[in-house]
Amino acid sequence: MDVLALRHPGRQWATISSVVVCKRHLVGASELNEDQAYMHTLRFLLERLSWFARDSSVIMTYTLARIVRRELAKLREYEANLRGGYDCRIHWPALDPKGGRIDQPKRIEMLQAADLAASATFAAFNPDKFGNVETRYLHELRPRLYRRGLSPVASYGLKMHPWTESTKAAYSWVAAL
């Protein structure tokens, strides 16, 4: 799961877009292995970033965190493949042509905010040691979740992968956000 917090001049503080990979539902839903699902997560995140930037008429710079160094080369190669014409819906003119940066939350406040959103998202989808999940945090963040017009939050602000009948049934509360 990758979460991103963005500054937006027309809103109070930030807009949040999360990509949630439902690993338990990947089996049978697609032919993706875990590594490929991770790359798809980046693609989904870049799509939403680019749409948000396009709609805001800005060139978006972005910073990723919690990237394992050995995975960095894979991410860079995958992003280069996406830029090279891979079939995706990323609006490249709205993203920094140099690509994303990598840094740590302890050094960048907005990454700390993204960590808060990531923790809220994690708690909503992953049971604690007692088997409980906490969706209330995401309900509280609902006004900050990225929406385009009247579109459902699951299209932009909380991208679920895979978004199949089984995940829709398992996480039916997402549609109410």
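I will talk about the salt bridges in this structure and about how exposed their partners are.

Please keep in mind that this is a predicted model, in which local features need pLDDT of at least 70, side-chain atom pairs count only at pLDDT 80 or more, and totals for chains, interfaces and linings use all residues. Residues are numbered from 1 along each chain as its sequence is written, and side-chain values use heavy atoms, with hydrogens and water left out.

With a salt bridge taken as a side-chain nitrogen of Lys or Arg within 4 Å of a carboxyl oxygen of Asp or Glu, the count comes to 7.

One of them pairs Asp55 with Arg148, whose closest N and O atoms are 2.6 Å apart. This pair links distant parts of the chain, 93 residues apart, since Asp55 sits in helix H1 (residues 34-56) and Arg148 in the loop between helix H4 (136-141) and strand E5 (158-161); helices (H or I, at least four residues) and strands (E, at least two) are DSSP runs, numbered from the N terminus.

For accessibility, buried means under 20% relative accessible area, exposed over 50%, and partly exposed in between, with a 1.4 Å probe and protein chains only. Asp55, at 37%, is partly exposed, and Arg148, at 38%, is partly exposed.

In the bridge between Asp103 and Arg107, the closest N and O atoms are 2.6 Å apart; here Asp103 is buried at 15%, whereas Arg107 is exposed at 62%.

Glu134 and Arg136 also meet in a salt bridge, at 3.5 Å from N to O, and Glu134 is partly exposed at 27%, as is Arg136 at 47%.
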